[in-house]
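Visitor: I am new to this structure and would like to learn how to read it. Could you walk me through it, one feature at a time?

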Amino acid sequence: MDPSRAKNFIPPSDDNTPIGTLSPASAIAQSFTNVMMESVIADLNSSIDAPFEPAPAPMIKKDQIADLEEVPHGILRQAKKLDDYEFPVHRLKKKLTSENKIPLIIVACGSFSPITYLHLRMFEMAMDSINEETRFEVIGGYYSPVSDHYRKQGLAKSTHRVRMCELACERTSSWLMVDAWESLQHEYTRTAQVLDHFNEEINIKRGGVETPTGEKIGVKIMLLAGGDLIESFGEPNVWKDEDLHHILGNYGCLIVERTGSDVRSFLLSHDIMYEHRRNIMVVKQLIYNDISSTKIRLFIRRNMSVQYLLPNSVIRYIQEHRLYKGSEPVKQVMGSKE
Ligand SMILES: Nc1ncnc2c1ncn2[C@@H]1O[C@H](COP(=O)(O)OP(=O)(O)OP(=O)(O)O)[C@@H](O)[C@H]1O
Ligand SMILES: O=C(O)c1ccc[n+]([C@@H]2O[C@H](COP(=O)([O-])O)[C@@H](O)[C@H]2O)c1
């Protein structure tokens, strides 16, 4: 049918209104678009941060990877004060599946301001490499966002960063968790101390994990980091040598290679890393992903779309709390990682 014959058809105006200027009809369309922009997904009438109402347990299969954005699964809200802090274990495997495997926990430290699909993919890429190349069995994965004392450009308040990580984990993953301990500390906590905290919670307080035969064994803890973070190991006065020996010798590191950075050459050239090379695993990005939180913040400030770069629940949280609209100098935004 010819649309111009439809009852509600409004002919294009024949005045000289410049393209892009709203006529009354398109003004309505525009206001509708604005409403949609404010609420990018379902739950149209509820706040993304509203307390979780326990609903009948959703039927989720053990390894389901479907989009869980609307199917909260294993909810746990982190404390906002150190006094109320509890180590999250709601998604930690209670028992090893295989007797021949070594239990492993993966910990990602960073700003996560905001968390993006790259930060979520890092864990999946690491999991694939571990399953393919090692005898480890991953029993849990944690984000540990830095505290507000880490004075870095563009850092939203830690309560926001922790909550965004929680939303991303709850709504897109069935195994990832967020630990707020580091973010709640009253001073900056070095990464070596953060890994010690995980060791304390998992191996000392809980005695490790149960094997299929019922005995408890120690859990290996590894730091998950991108190539850029690892390259900062070589920068003067950033990391203490003793910390690097502790992190790489007593724990270990999973390094997700970053576009344009040659992690393997760096590994060869760095004495401490080379010494501990057997405790370091390079995770290849078979599909390169270079989403950067810095650019996300810039896009938000410029009112550009960030959809499909981070989970919808995180986008909604940013919209509701009006994050990243502020005063981060653009020059520094573009300069920091380029
Ligand atoms: N493109 C990337 N490839 C691999 N790893 C990455 C990439 N971007 C970030 N990472 C890793 O993600 C972890 C969290 O880093 P961070 O929160 O600083 O992310 P970011 O996107 O680089 O943030 P910002 O842009 O604010 O510096 C770090 O281990 C970092 O190395
Ligand atoms: O422990 C250290 O000495 C240390 C030195 C530099 C960076 N880090 C950690 O590295 C993480 C990522 O930092 P960034 O600046 O890339 O967001 C963050 O968790 C920091 O606490 C840690």
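Visitor: Which residues come nearest to ligand 2?

Guide: A residue is near a molecule if its C-beta atom, placed from the backbone, lies within 6 Å of it. Around ligand 2 there are 14 residues, and Cys109, Gly110, Ser111, Arg190 and Thr191 come nearest. Residues are numbered from 1 along each chain as its sequence is written, and chains are lettered from A and ligands numbered from 1 in the order in which they are written. This is a predicted model, where local features need pLDDT of at least 70, side-chain atom pairs count only at pLDDT 80 or more, and totals for chains, interfaces and linings use all residues.

Visitor: Which elements each supply at least two residues of the shell around ligand 2?

Guide: Elements come from DSSP runs, numbered from the N terminus: helices are H or I runs of at least four residues, and strands are E runs of at least two. For ligand 2, β1 and α5 (191-205) each supply at least two shell residues.

Visitor: How much confidence does the predictor give the model?

Guide: Look at pLDDT, the predictor's confidence in each residue, from 0 to 100. The protein chain has a mean pLDDT of 83, and 75% of its residues reach 70 or more. Over residues 57-68 the pLDDT is below 50, and this stretch has ten contacts beyond near neighbours in sequence. Two residues are in contact if their C-beta atoms, placed from the backbone, lie within 7 Å. Residues 333-338 also stay under 50. For the complex, the predictor gives an ipTM of 0.96 and a pTM of 0.84.

Visitor: How many helices and strands does the protein chain have?

Guide: The protein chain has twelve helices and eight strands. Of its 338 residues, 32% count as buried. A residue is buried if 20 or more other C-beta atoms lie within 10 Å of its own, exposed if 12 or fewer, and partly exposed in between, with C-beta atoms placed from the backbone.

Visitor: Is β1 enclosed or open?

Guide: β1 is largely enclosed by the rest of the structure, because eight of its nine residues are buried. To read its partner, note that two strands pair if DSSP finds at least two bridges between them. Nine bridges join β1 to β2 (residues 136-145), and the two run parallel. One of the pairings is Ile102 with Phe136 in β2.

Visitor: Which residues of helix α7 are buried?

Guide: In α7 (residues 241-251), these are Leu244, Ile247, Leu248 and Tyr251. They lie on the same side of α7 because they cover an arc of only 110° around the axis, the arc being that of the directions from the helix axis to the C-beta atoms. On the other side of α7, Asp241, Glu242 and Gly249 are exposed. The cover over the buried residues of α7 includes α5, β6, β7 (253-256), α9 (271-275) and β8 (280-283). After α7 comes Gly252, with a positive phi near 145°.

Visitor: How many residues of α11 are buried?

Guide: Helix α11 (residues 312-321) has seven of its ten residues buried, so it is mostly covered. Among them are Asn312, Val314 and Tyr317. The buried residues of α11 pack against α3 (158-172) and α10. Just after α11, Arg322 takes a positive phi of about 50°.

Visitor: Where is Pro311?

Guide: Pro311 sits in the loop between α10 and α11. Pro311 is buried, with 27 other C-beta atoms within 10 Å. Pro311 and Leu167 are 144 residues apart along the chain, while their C-alpha atoms are separated by 8.4 Å.
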